[in-house]
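Please look at the sequence and the structure below with care. The briefing that follows takes up a few single residues, the contact between the chains, and the packing of some helices.

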Protein chains: 2
Amino acid sequence: MFHLTARDIRRRNRFSVLQAVYAAPGHTSRQDIANATGLSFATVGNMISELLDVGVLVEMGHDESNGGRPRAQLAINPDRGVLVGVDIAETAVHVELYDLGMTVLRSAELPVDPAATQPEDLADLIARGVTDVVGPDTDRVLGVGLSVPGLVEPEGGVSVFSPYWSWRDIPFKTLMEERLSYPLFLDNPLKASTVAELWFGAGRDVDDLIVITLRSGVGVGIAVDGALYRGVSNSAGEWGHTSLILDGRHCRCGRRGCVEAYVGVYGIMETIREADPASRLLTGAQADILPALAKDLADGDPVAQRVVDQTGRYLGVAIATLVNLFNPRTMVLGNVIATHLGEPLLRTARQVAAEQAMSDPFSQVTLRLSALTDNPVSLGAATFALEGFLADRETFGSVGSRRAAKSSTAGM
Amino acid sequence: MFHLTARDIRRRNRFSVLQAVYAAPGHTSRQDIANATGLSFATVGNMISELLDVGVLVEMGHDESNGGRPRAQLAINPDRGVLVGVDIAETAVHVELYDLGMTVLRSAELPVDPAATQPEDLADLIARGVTDVVGPDTDRVLGVGLSVPGLVEPEGGVSVFSPYWSWRDIPFKTLMEERLSYPLFLDNPLKASTVAELWFGAGRDVDDLIVITLRSGVGVGIAVDGALYRGVSNSAGEWGHTSLILDGRHCRCGRRGCVEAYVGVYGIMETIREADPASRLLTGAQADILPALAKDLADGDPVAQRVVDQTGRYLGVAIATLVNLFNPRTMVLGNVIATHLGEPLLRTARQVAAEQAMSDPFSQVTLRLSALTDNPVSLGAATFALEGFLADRETFGSVGSRRAAKSSTAGM
């Protein structure tokens, strides 16, 4: 039966308070946070004291502009420590080092050797990338977040299934722990993108949102009341392999007619092939297809027009299903397909979804492109580490705490 | 941002405790309830005292069978009051009167005159039905729950949209309040069926379930952590009008290819027509089709076999979408189609869903028929009233409280 513990509630309130500080860096007071979160002033005060004590927040002078009692301005202390976010994608591993203000300090992109895709190979590659970007900051790492493709079991840290390399039941967390001594946090790219939006994107304004990830693989992350909806085995959101067209295109998952086979990168390639089997878009490297398609579209090429229009139609029908089932406030489209095809794709998808979805839930939802500029998967992976670090008073009071005192005074 | 109030938590704990008592009538102790709910013994003790005080629960002697301290056995006090559940369906209004043990005391079925389907007509009909079944018990009514078809806004009590009669933005709660002086609680049949399962069916064992309603209209109710998932405007679960077959059959909602056009009663009629345009199943009354189809199936009729098999295939694909997106523990199929076609339909649907759904979430889910024997929509509507009555200490301490003292001593 349902029951949140006092610790769960405290953790969620702590996250809410910090999210409000991230949303208004250097310009927020206890009162602003209480207004933004709906939490009581007393609760906010407690949370802030705790976060000031451990050096996660700093006070930056007082705002006396409103008259009355001056309000202490609060900000994240970026120097409190660093976080690593790892996006394990099909062709490359992306590693980013962030300060606590979530500014990228250093990045690395490590190509995946198609001949070396055993779990140990990837673990070696990732460990090398993490060690590279951390550099001299080994003592300041608060945690490393890993976005692992497929179905991931964060507690056991086991990658249940990874579609790119036919992994199954791999104890990937253990493999990484043998190579890195930092606190590790695993989940998949859908969850990573959604957590990134919750903390730093659309989630600043709404608590009920669906984040659509559109790259080779597609899927959704679902946030309800500001928290990830995971399902009973953390595999909720596998929209990419729901049926869009009964007995339709073959999907690389082995089934037919999946959403991914129409709106993922391979699906778009197939739609290009249907529109023009001789298209020069299909002759180059896969990474070049979307930029080239976007350029053709901007140049008014009719094949590009047809391909984006058709993809928008598929996407609109599949989005309508999500609108009807989840009745969300906001849907955010992100990742490479959204980055390159952006508004033209969304325009058609929105029109079709308006026709296909029930009118009441459609009238409640805003469809938009992600406003996150960096790789949302790396950012989300680093946010797993941030959440892990902040999860328990014991943890965030101790990890790197000697440096905390130093940086919170010398900080900004 | 997310925050449950102390009152929300208290209410959910109260519901959990009562659900545990309903699940083991007359055979449960404070200790059993603490075990079943995961709540602390102290919390359970507080909730039980409160419920004993107001006469909702009674103690029924002590069980000394385990040795040690005898444990007071607890039960619902059925005589504490009565609840009314109203299922407003397309062709008839079903009204049931329940005691607090949720035993049906009296029922009425009032046919809807196809020439009198204005909101006021239905409101008159319902008021007559409620007055009839309540009879001399007017002083003992704790609340009336109404299942209104379509999209319902429970707070404002407005039926946003009712598909049968083209209602739109009807202040139905106000119409009913003008006719009945009992506390009224409105929602739609999908939510009603799900609440009924949560309290008295599959929800006794699991907290994450999807309840599939299969009648003329089809749709789902979603329970997460033991509570209804509503979406931002209470329209989550409109599965019936998600696209199953792109540009497929015309649906009565005006769109094409909707799930309902394949697995609802009208969809099954169309599948019969496709299999045998001259089928005698199509010549009788609509209410007779499913029983006749079930009989033909039992008799080994090949057309019936083909129709149920094809319907099971459609259903399996549509179920796979739900499995992938929600990753639930249990899915329950209920209402007239499940009642009549039951296991044969479920068998095919389960096979197809196993192929179509991702293997991990499919391996986590149990698909089964509802075990609720009475109309789950009426039962769920009465449960809205039960939840409303129990929502606040102030309410359930006062409504009918003079009778409470009497019935809790004279009760059982």
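A:Trp165 is partly exposed because 18 other C-beta atoms lie within 10 Å of its own; a residue is called buried with 20 or more such atoms, exposed with 12 or fewer, and partly exposed in between, the C-beta atoms being placed from the backbone. This is a predicted model, in which local features need pLDDT of at least 70 and side-chain atom pairs count only at pLDDT 80 or more, while totals for chains, interfaces and linings use all residues. Residues are numbered from 1 along each chain as its sequence is written, and chains are lettered from A and ligands numbered from 1 in the order in which they are written.

**Loop residues of chain A**

- A:Trp165 is found in the loop between S8 and strand S9 (167-170) of chain A, where helices (H or I, at least four residues) and strands (E, at least two) are DSSP runs numbered from the N terminus.
- Although A:Trp165 and A:Glu90 are 75 residues apart along the chain, their C-alpha atoms are separated by 8.5 Å.
- A:Gly226 sits in the loop between strand S12 (218-224) and S13 of chain A, and it counts as partly exposed because it has 19 C-beta neighbours inside 10 Å.
- From A:Gly226 to A:Gly254 the separation is 28 residues in sequence and 34 Å in space, taken from C-alpha to C-alpha.

**Positive phi angles**

- Most residues other than glycine have a negative phi, and most peptide bonds are trans.
- A:Met102 is not a glycine, yet it has a positive phi of about 65 degrees; its place is in the loop between strand S4 (92-99) and strand S5 (104-111) of chain A.
- Is A:Met102 buried or exposed? A:Met102 counts as buried, because it has 21 C-beta neighbours inside 10 Å.
- B:Asn335, which is not a glycine either, has a positive phi of about 80 degrees, and this residue is found in the loop between strand S14 (330-334) and helix H11 (336-356) of chain B.
- B:Asn335 is buried, because 24 other C-beta atoms lie within 10 Å.

**The contact between the chains**

- The contact takes 49 residues from chain A and 49 residues from chain B, two residues being in contact if their C-beta atoms, placed from the backbone, lie within 7 Å.
- On the side of chain A that touches chain B, two or more residues come from each of helix H1 (6-23), strand S8 (158-162), strand S13 (227-229), helix H10 (302-326) and helix H12 (359-364) of chain A, and H10(A) gives the most, with 6 residues.
- By class, that side of chain A has 23 nonpolar, 18 polar and 8 charged residues; here Ala, Val, Leu, Ile, Met, Phe, Trp, Tyr, Cys and Pro count as nonpolar, Asp, Glu, Lys and Arg as charged, and the others, Gly among them, as polar.
- B:Val232 lies in the loop between strand S13 (227-229) and helix H7 (260-263) of chain B, and it counts as partly exposed because it has 19 C-beta neighbours inside 10 Å.
- Leaving aside its neighbours within four places in sequence, B:Val232 is in contact with A:Asp208, A:Asn327, A:Pro328, A:Arg329 and A:Gln364.

**How the two copies are related**

- The same surface serves both copies, since 100% of the contact residues of chain A recur in chain B.

**Helix packing**

- The axes of helix H9 (residues 286-298) and helix H11 (residues 336-356) of chain A come within 9 Å and cross at roughly 10 degrees; axes are lines fitted to C-alpha atoms, for helices over the stretch in contact, and angles run from 0 to 180 degrees between N-to-C directions.
- That makes H9(A) roughly parallel to H11(A), because angles under 35 degrees count as roughly parallel, over 145 as roughly antiparallel, 65 to 115 as roughly perpendicular and the rest as oblique.
- By class, the contact of H9(A) with H11(A) has 8 nonpolar, 1 polar and no charged residues.
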